[in-house]
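Welcome! Have a look at it first, and then read on.

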Amino acid sequence: MRSSVIVFPGSNCDRDITVALEKMQFKNEMVWHKETVLPKSDLIVIPGGFSYGDYLRSGAIAGKSLIIDEVIKAANGGCLVLGICNGFQILTETGLLKGTLQRNKNLKFINRDVFIKVVNNKTRFSLNYKKNQILNINIAHNEGNYFTDSKHLDELKNDNLIAFQYCDQIGEVSDETNPNGALENIAGIYNSKKNILGMMPHPERMIDNNISNTDGCSLFSSLLK
Amino acid sequence: MKYSVTITLKKDVLDPQGKVVQNTLSNLGMTNLKSIRQGKFFEIDIDENDSKKAENLIVEMCEKLLANLIIEDYKINKLK
């Protein structure tokens, strides 16, 4: 499995995701945003960070960079694309994923481990999770408050495109377990073809018991199937 | 030609920053405040003498980059 990690000025999780991918036996390449050709990839990852210092809106400038045209072409051709945190924000700015990520409702940068529930375990990203499996996973963002119009929200629900929801440790989804104000506690979504996943939590930070836990491993191992 | 562009959140989108500013002003004694919405402001100088063409370009700028049309509206204003 070949993966490419796109690097922007201000990306800061690009090394972490590379460590995670290589640990899971991906053959990974890092791709600078000014490149105009993507290496042959089965998976493209847009990593977390603060691309372009979050100028204008988080993800807005990176979403118009040179390499993004290639990412869009590859995604439309069925290539798997994973956007984590700022990567999710960038994917919404490109239009590959619908909706947007607004400022956290409490106006604070939130960096802590939360619980999320695997809502759909039938995709290329989630095969190795059980349905409703609860993951303890880190979030670290200022704009994670997912918002979309009601028509798209219906589509997300009816077509099972919600990937993860914030919950408590027994899987209860409520306002109390919503860290950032996201609509329906949404922590991650798929596009309609389910080859693109955008998520605010950081699975690449959960791959080693020495520093956290291994709740993120199954996402990467699912992709290898 | 010079234009200004104002970007604001759409009416039905929650604006927590505007709310905090409003609360703080109320705390300063400005109690007759009805509402405050925060936005962004751009001044754009464009090398184009035809105002129709210039305005079309500004609209394109707004729609392609300056505003996120899912949650934001834009207003264009010609400056002297």
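## Before we start

Two strands are said to pair if DSSP finds at least two bridges between them. The helices (H or I, at least four residues) and strands (E, at least two) are DSSP runs, numbered from the N terminus.

This is a predicted model, in which local features need pLDDT of at least 70 and side-chain atom pairs count only at pLDDT 80 or more, while totals for chains, interfaces and linings use all residues. Residues are numbered from 1 along each chain as its sequence is written, and chains are lettered from A and ligands numbered from 1 in the order in which they are written.

## The sheet of chain A

In chain A, 9 strands make up an open sheet with mixed pairing, in the order β2-β1-β3-β4-β11-β10-β9-β6-β7. At its edges are β2 (27-32) and β7 (134-141) of chain A, each of which pairs on one side only. On average, neighbouring strands of this sheet are turned by 25 degrees against each other, direction ignored. For such angles, axes are lines fitted to C-alpha atoms (for helices over the stretch in contact), and the angles run from 0 to 180 degrees between N-to-C directions.

Let us stop at strand β4 (residues 80-84) of chain A, where 5 of 5 residues are buried. Buried here means that 20 or more other C-beta atoms lie within 10 Å of a residue's own; with 12 or fewer the residue is exposed, in between it is partly exposed, and C-beta atoms are placed from the backbone. In a regular strand the side chains alternate between the two faces of the sheet. In β4(A), Leu80(A), Leu82(A) and Ile84(A) point one way, Val81(A) and Gly83(A) the other way, and all are buried.

Which strands pair with β4(A)? Strand β3 (residues 43-46) of chain A runs parallel to β4(A) and is joined to it by 4 bridges, with Ile46(A) partnering Gly83(A).

Strand β10 (residues 186-190) and strand β11 (residues 196-199) of chain A run antiparallel and share 3 bridges. In this region Ile189(A) stands opposite Gly198(A) of β11(A).

Helix α5 (residues 217-224) of chain A has buried residues too: Ser218(A), Leu219(A), Phe220(A) and Leu223(A). The buried residues of α5(A) pack against α1 (14-23), β3 and β4 of chain A.

## The sheet of chain B

Chain B has an open sheet of 3 strands, ordered β2-β1-β3 and paired antiparallel. Its edges are β2 (39-45) and β3 (72-79) of chain B, each with a single partner strand, so one side of each has no neighbour in the sheet. Strand β1 (residues 2-9) of chain B is joined to β3(B) by 8 bridges, and Thr8(B) has Asp73(B) as its partner there.

## Contact and confidence

The contact takes 10 residues from chain A and 7 residues from chain B, where two residues are in contact if their C-beta atoms, placed from the backbone, lie within 7 Å.

The model scores ipTM 0.82 and pTM 0.93. Chain B has a mean pLDDT (the predictor's confidence in each residue, from 0 to 100) of 94, and 100% of its residues reach 70 or more.
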